[in-house]
Amino acid sequence: MSFFTDGPRGRPLFPVPEQELFGYNGRPWVDSPHEYIVPAILPWSMPLGRSERTIVALRGIEVWPESVSFQLSVYSRDLLPGDPGDGLIDHRRVPDYNALLVGVLFPDGRRASSETISVPSASKPDQPVLRAQGLGGTSFHVDHAIFLWPLPPAGPLEFVVQWRDRDIEETHTSLDGTALRDAAKEAGEIWPGLPARETHGLPTRRVGAQAMITPAWPRESQAPPPLPQPSKSRQPQPATAPPQATAADQPRRGAPLPTRIPRRAK
């Protein structure tokens, strides 16, 4: 006897349009490739900063072929500020140094932090990229994903946390960058050989949540034909403008309207 007793459900009246996954766009600095790669998991769990009523902790690390995602959690004994879905780390142009700040320091001196605004770049950046995203939680516990590109070089990687509003001073925690690079070799591709998106050489324009393929502005050879012009032998005569009423013909503002009725013809 089958464990699942119900029969197959009918197809919906309006099915979702079929769409295939295209190949990876090859920009690992934008975001972690969740749709293409199964990451290697490092179960590293440790406190990164703490005070009497608040703890900032690392719960684990997802390692991708060219980047790392730190699973960061905040625990509090009293009410946390803001919406848990938005997270507690905000990339602003003017950083709030009293709020929760995170950063990393590479062994070669390069660094990245949540002090600066983080916007995905179309071209490859020349500096490390750090991007924080809220993953939800409650008023007393909030999860975050801290994306870091590229993989750190071999050696100690320092993870830095500061939260002055919660009495957490700048705290440095050393992680093994060599182990992170070794784990990246274990990340596996899910769909090898996916075809790339065909754009036919046309520029891609982003409209709302959909990507539209639009041709470039037409050159002279592609310009639309000119509109037909009227024949010179038959030029239309300019219309005669109606006579303009003079000031004497118009009643003065505030004056009563004329009430005299013309006599009926006999």
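Proline 47 sits across from alanine 57 of strand 4, in a predicted model. That spot belongs to a piece of antiparallel pairing: strand 3 (residues 46-50) and strand 4 (residues 54-63) are joined by four bridges. Three residues lie between the two strands, and together they make a hairpin. Stepping back, the chain has one helix and 14 strands, and 31% of its 266 residues are buried.

**The chain as a whole**

- Among contacts with a separation of 6 or more, 59% are between residues 24 or more positions apart.

**The open sheet and its helix**

- In what order do the four strands of the open sheet come? The order is 7-6-10-11, with antiparallel pairing.
- Strand 7 (111-113) and strand 11 are at the edges with a single partner strand each, so one side of each has no neighbour in the sheet.
- On average, neighbouring strands in this sheet are turned by 15° against each other, ignoring direction.
- Inside the sheet, strand 6 (residues 101-105) and strand 10 run antiparallel and are joined by five bridges.
- Glycine 103 is found opposite valine 160 of strand 10.
- Helix 1 (residues 177-184) packs on this sheet, where it touches strand 10 and strand 11. The helix direction makes about 55° with that of strand 11.

**Aromatic pairs and a charge over a ring**

- How many aromatic pairs are there? The count is three, and two of them are described here.
- Tryptophan 29 comes in the segment before strand 1 (37-38), while tryptophan 149 is in strand 9, so their pairing ties together parts 120 residues apart in sequence.
- Tryptophan 29 counts as buried because its relative accessibility is 9%, which is under the 20% limit.
- Tryptophan 149 is buried as well, at 6% relative accessibility.
- Another pair is phenylalanine 70 with phenylalanine 159: the centres are 5.1 Å apart and the planes at 70°, so this pair too is edge-to-face.
- Phenylalanine 70 belongs to strand 5 (residues 68-76) and phenylalanine 159 to strand 10, so the pair links parts that are 89 residues apart in sequence.
- Are these two phenylalanines buried or exposed? Phenylalanine 70 is buried at 0% relative accessibility, and phenylalanine 159 is buried at 1%.
- There is also a charge over a ring: arginine 166 lies over the face of tryptophan 163, at 5.5 Å from the ring centre.

- As background, most peptide bonds are trans, and most residues other than glycine have a negative phi.
- Which peptide bond is cis? The one from tryptophan 149 to proline 150, where omega is near -5°.
- Proline 150 is in the loop between strand 9 (141-149) and strand 10 (156-163).
- Aspartate 167 is not a glycine, yet its phi is positive, at about 60°.
- The loop between strand 10 and strand 11 (168-176) holds aspartate 167.
- With a relative accessible area of 62%, aspartate 167 is over the 50% limit and therefore exposed.

**Two residues to look up**

- Serine 67 is in the loop between strand 4 and strand 5, and its relative accessible area of 2% makes it buried.
- What does serine 67 contact, beyond its neighbours within four places in sequence? The list is Pro28, Glu62, Phe147, Leu148, Trp149 and Leu151.
- Isoleucine 41 is part of strand 2 (residues 40-42), and at 54% relative accessibility it counts as exposed.
- Leaving out residues up to four places away in sequence, isoleucine 41 touches Ile61 and Glu62. Glu62 is also among the contacts of serine 67.
- From isoleucine 41 to valine 63 the separation is 22 residues in sequence and 6.3 Å in space, C-alpha to C-alpha.

Methods:
Residues numbered from 1 in each chain as written. Predicted model: local features only at pLDDT ≥ 70, side-chain atom pairs only at ≥ 80, totals over all residues. Heavy atoms only, no water. Pairing = 2+ DSSP bridges. Buried < 20%, exposed > 50% of the residue type's maximum accessible area, 1.4 Å probe, protein only. Phe/Tyr/Trp six-rings, centres within 6.5 Å; stacked < 30°, edge-to-face > 60°. Lys NZ or Arg CZ within 6 Å of the ring centre and 35° of its normal. Contact = heavy atoms within 4.5 Å. Axes fitted to C-alpha atoms, helices over the stretch in contact; angles between N-to-C directions.
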